[in-house]
Amino acid sequence: MAENITDKEIIERVKNGDKNAYDLLVLKYQQRVINLISRFVKNHSDALDVSQETFIKAYRALPNFRGESAFYTWLYRIAVNTAKNHLTVQSRKITKSDYDVTDIEQIEGNMSLTEQTTPESLLHKDELQETVLKTIENLPEDLKSAIMLREIEGLSYEEIAGVMDCPVGTVRSRIFRAREMIDSKIKPLLEN
């Protein structure tokens, strides 16, 4: 029964005082939000906290939701901004970021690398992945957000424009520039 209810109907129920209706939105989008935030916030526990903070902010801001974009797009914008705020606070505390195995697996799933059969090719693949991860991590925030939303989250240019609150042309430009920067870092490795 709950599957047939649209986001718009749920939002109307929440706005009319049905606080429990918001749980349906949380259940529907929780995993997507956690996955998105995990691309920015490497610590799983922190990512869960930031996800919870995202849903709290969205709930408090729901009376201001005008429905000009999809709820999903609006929620993602809040999630990205909350993750960025968290990173800003954390950068004052910690200057080093680490990558774990899941980061490499996620990048690996989105890259077309050749099969490895030798220790040398395994080492080369690891070096490529590390270079891509470091390059993405060091991109300016706007480029990093755009490329991650496109390549990792699989959002359309229009959805990314909604999340980042900018024109589609700007999104295309940011993704192009991010890809150029990544390509410039891995090209020397591919030539070897």
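Why are Phe71 and Trp74 separated by about one helical turn? Being three residues apart in helix α4 (residues 71-93), they are spaced that way along the helix. Welcome to a short tour of this predicted model, in which local features need pLDDT of at least 70, side-chain atom pairs count only at pLDDT 80 or more, and totals for chains, interfaces and linings use all residues. Residues are numbered from 1 along each chain as its sequence is written, and side-chain values use heavy atoms, with hydrogens and water left out.

**Aromatic rings**

- The count comes to seven aromatic pairs (rings of Phe, Tyr and Trp, the last by its six-membered ring, with centres within 6.5 Å).
- Phe71 and Trp74 form a tilted pair, at 5.7 Å centre to centre and 45° between the planes; planes under 30 degrees apart count as stacked, over 60 as edge-to-face and the rest as tilted.
- Both Phe71 and Trp74 are buried (under 20% relative accessible area, with exposed over 50% and partly exposed in between, using a 1.4 Å probe and protein chains only).
- Tyr29, Phe65, Phe71, Tyr72, Trp74 and Tyr76 are linked into a cluster by ring pairs.

**Helices α8 and α9**

- Helix α8 (residues 157-164) and helix α9 (residues 168-191) have axes that come within 8 Å and cross at roughly 100°. Helices here are DSSP runs (H or I, at least four residues), numbered from the N terminus. Axes are lines fitted to C-alpha atoms over the stretch in contact, and angles run from 0 to 180 degrees between N-to-C directions.
- α8 and α9 are therefore roughly perpendicular to each other (65 to 115 degrees).
- Tyr157, Glu158, Ile160, Ala161 and Met164 of α8 meet Val168, Val171, Arg172, Arg174, Ile175 and Arg179 of α9, where contact means heavy atoms within 4.5 Å.

**Charges over Tyr157**

- The charged end of Arg172 sits over the ring of Tyr157, 4.3 Å from its centre (for Arg, CZ within 6 Å of the ring centre and within 35 degrees of the ring normal).
- Arg150 also lies over the face of Tyr157, at 4.4 Å from the ring centre.

**Two residues to look up**

- Ser173 is found in helix α9 and counts as partly exposed, at 32% relative accessibility. The C-alpha atoms of Ser173 and Leu143 are separated by 8.9 Å, with the two residues 30 apart along the chain.
- Thr131 lies in helix α6 (residues 119-138) and counts as buried, at 18% relative accessibility. Leaving aside residues up to four places away in sequence, Thr131 touches Lys185, Ile186 and Leu189.

Notes
Helix = DSSP H or I, 4+ residues; strand = E, 2+ residues; numbered from the N terminus. Parallel < 35°, antiparallel > 145°, perpendicular 65-115°, else oblique.
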